[in-house]
Amino acid sequence: MEIRELRYFVAIAEELHFGKAARRLEIAQPPLSRTIARLERQLGVTLLERTSRKVTLTEAGAVLLSEGRAILGAVAAAERRTQQAAQRRPRLVLAVKSGTAGELLAKLLDAYRTEPGAAAVELCEAHQHQKLLQDGQADVALLHLPFDSTVGLDTEALYTEGQVAILPNSHALSGRSRIRMSEVTALPELPMARWPGPDGSYPEGSGAEVRNLTQLFQLIALGRTTVIMPESAGADLRRDLAAVPVLDAPPVTTVIAWPSQSRLRAVAELIRVATRL
């Protein structure tokens with residue numbers, strides 16, 4: 001298979017419409033149809049079921065879509081990393097979750113900035129860290145175990161901390177010195193907030209759908225939801241919120257993670273500084 005053929009197929013598999021895929025690829029529809037037909041002949045399988053009304057993926061097509069996305073992501077990542085390695089002053093993209101590991105992040109950036117030949121560090125706030133690292137859109141990330149996946153990544157543990165429940169300051173439990181998970185999850189008026197998964201979809205539940213801490217804290221202050229999160233995320237809270245330690249919540253370990261195939265010297269230097277801190 002050629003990269004061009006994979007790119008054409010992924011476009012059709014995602015659009016499920018030859019005309020829309022052709023417009024997305026900025027090519028005419030006939031050569032697109034011929035390419036997919038040739039790809040099916042080469043593989044000896046049917047990838048798409050076509051009728052006059054719709055296009056659907058076969059089981060084989062669904063497999064190729066998953067594999068094709070991974071291959072195209074790897075190709076794009078290789079291009080970005082190669083170009084980055086040739087820059088006179090390297091630039092690193094550090095992926096972080098908004099509001100987490102704030103003190104560590106500040107210390108890390110300050111310490112790394114003093115290193116000879118330090119790269120410029122660009123922060124990227126996101127929740128899909130693993131995909132960003134694998135696609136080459138980020139070079140290194142601060143992840144939190146056991147919540148984040150580290151499959152295909154190398155990691156170094158930095159520190160471990162407990163978790164807290166974030167509650168409205170006016171709530172009856174906000175004045176407690178400690179609380180248990182069962183007490184937090186049993187609050188019908190404050191269902192647990194829901195974060196999007198790797199595919200962008202939200203898990204089932206009645207809690208608010210959230211994408212960042214600003215939105216989350218606003219909803220908690222309004223008495224719409226609550227959350228259990230690392231202790232460091234509860235530092236410097238708004239006055240209308242309270243952080244209560246959760247006794248039986250699993251500890252959270254913050255790790256610095258990077259793609260296992262990364263060979264950038266700037267990444268190695270940033271990791272060295274992080275583990276030293």
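Student: Which residues make the nonpolar surface patch?
Tutor: Met1, Leu43 and Val45 make a nonpolar patch of about 260 Å². Patch residues have over 30% relative accessible area and no salt bridge; like charges are joined within 9 Å, nonpolar side chains (Val, Leu, Ile, Met, Phe, Trp, Tyr) within 5 Å. Accessible areas come from the Shrake-Rupley method with a 1.4 Å probe, and for residues only the protein chains shown count as cover.

Student: What am I looking at, a model?
Tutor: It is a predicted model: local features need pLDDT of at least 70, side-chain atom pairs count only at pLDDT 80 or more, and totals for chains, interfaces and linings use all residues. Residues are numbered from 1 along each chain as its sequence is written, and side-chain values use heavy atoms, with hydrogens and water left out.

Student: Is Met1 buried or exposed?
Tutor: Met1 is exposed, at 57% relative accessible area (buried is under 20%, exposed over 50%, partly exposed in between).

Student: New topic. How many salt bridges are there?
Tutor: The count is 15 salt bridges, each a side-chain nitrogen of Lys or Arg within 4 Å of a carboxyl oxygen of Asp or Glu. One of them joins Glu40 and Arg50, at 3.1 Å from N to O.

Student: Where do Glu40 and Arg50 lie?
Tutor: Glu40 lies in helix α3 (residues 29–43) and Arg50 in strand β1 (residues 48–50), so the pair ties together parts ten residues apart in sequence. Helices (H or I, at least four residues) and strands (E, at least two) are DSSP runs, numbered from the N terminus. Glu40 is buried at 12% relative accessibility, and Arg50 is partly exposed at 40%.

Terms used:
Buried means under 20% relative accessible area, exposed over 50%, partly exposed in between (1.4 Å probe, protein chains only).
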